[in-house]
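Welcome to this guided tour.

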Amino acid sequence: MIGALPFWESLRRRPAVQSALRGVNAAVVGLLLAALYRPVWTSAIFGPPIFALGIVAFLLLALWAVPPWLVVILGAIASMLVASVVG
């Protein structure tokens, strides 16, 4: 990798290298989704209320740029409320 750094700009312009990078990017996204599903989704999402809470937490992070520490605190409070209501 270090050996390719001086040539990176010229390599990035080649169509074959661009295609390979798109393939690597797609593979990494697939691995990340698989890693999210197996330990996180199957052990944490138990029903529609918790799914909605996860969507809200994601939107807080992605759209409104709320600090992650605050999303964790709000998520913990909201999950306690959902658990007490759904029970």
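Is Ala-65 buried or exposed? Select Ala-65 to start: with a relative accessible area of 61%, Ala-65 is exposed. Here, buried means under 20% relative accessible area, exposed means over 50%, and partly exposed is in between, using a 1.4 Å probe and protein chains only.

A quick word about what you are looking at. This is a predicted model, where local features need pLDDT of at least 70, side-chain atom pairs count only at pLDDT 80 or more, and totals for chains, interfaces and linings use all residues. Residues are numbered from 1 along each chain as its sequence is written, and side-chain values use heavy atoms, leaving out hydrogens and water.

**Stop 1: the loop.** Stay with Ala-65, which sits in the loop between α3 (48-62) and α4. Helices (H or I, at least four residues) and strands (E, at least two) are DSSP runs, numbered from the N terminus. Check the backbone here: the phi of Ala-65 is near 50°, a positive value in a residue other than glycine. Most residues other than glycine have a negative phi.

**Stop 2: the whole chain.** Now zoom out and show the cartoon. Along the principal axes, the C-alpha atoms fill a box of roughly 60 × 25 × 20 Å. Of the 87 residues, 5% count as buried.

**Stop 3: helix α2.** Select residues 15-44. The 30 residues of α2 should span 44 Å at 1.5 Å a residue, and the end C-alpha atoms are 42 Å apart, which agrees. The expected span is 1.5 Å times one less than the number of residues in the helix. Next, click Tyr-37, where α2 bends by about 40°, with a proline, Pro-39, following within four residues. The bend is the angle between axes fitted to the seven residues ending at a residue and the seven starting there.

**Stop 4: helix α3.** Move on to Ala-57, found in α3 and partly exposed at 23% relative accessibility.

**Stop 5: a nonpolar patch.** Which residues make the nonpolar surface patch of about 560 Å²? Select Trp-69, Ile-73, Ile-77, Met-80 and Leu-81 to see it. Like charges are joined within 9 Å, and nonpolar side chains (Val, Leu, Ile, Met, Phe, Trp, Tyr) within 5 Å. Accessible areas come from the Shrake-Rupley method with a 1.4 Å probe, and for residues only the protein chains shown count as cover. Finish on Ile-77, in helix α4 (residues 68-86), which is partly exposed at 42% relative accessibility.

How values were computed
Patches are made of residues with over 30% relative accessible area and no salt bridge: like charges are joined within 9 Å, nonpolar side chains (Val, Leu, Ile, Met, Phe, Trp, Tyr) within 5 Å. A salt bridge is a side-chain nitrogen of Lys or Arg within 4 Å of a carboxyl oxygen of Asp or Glu.
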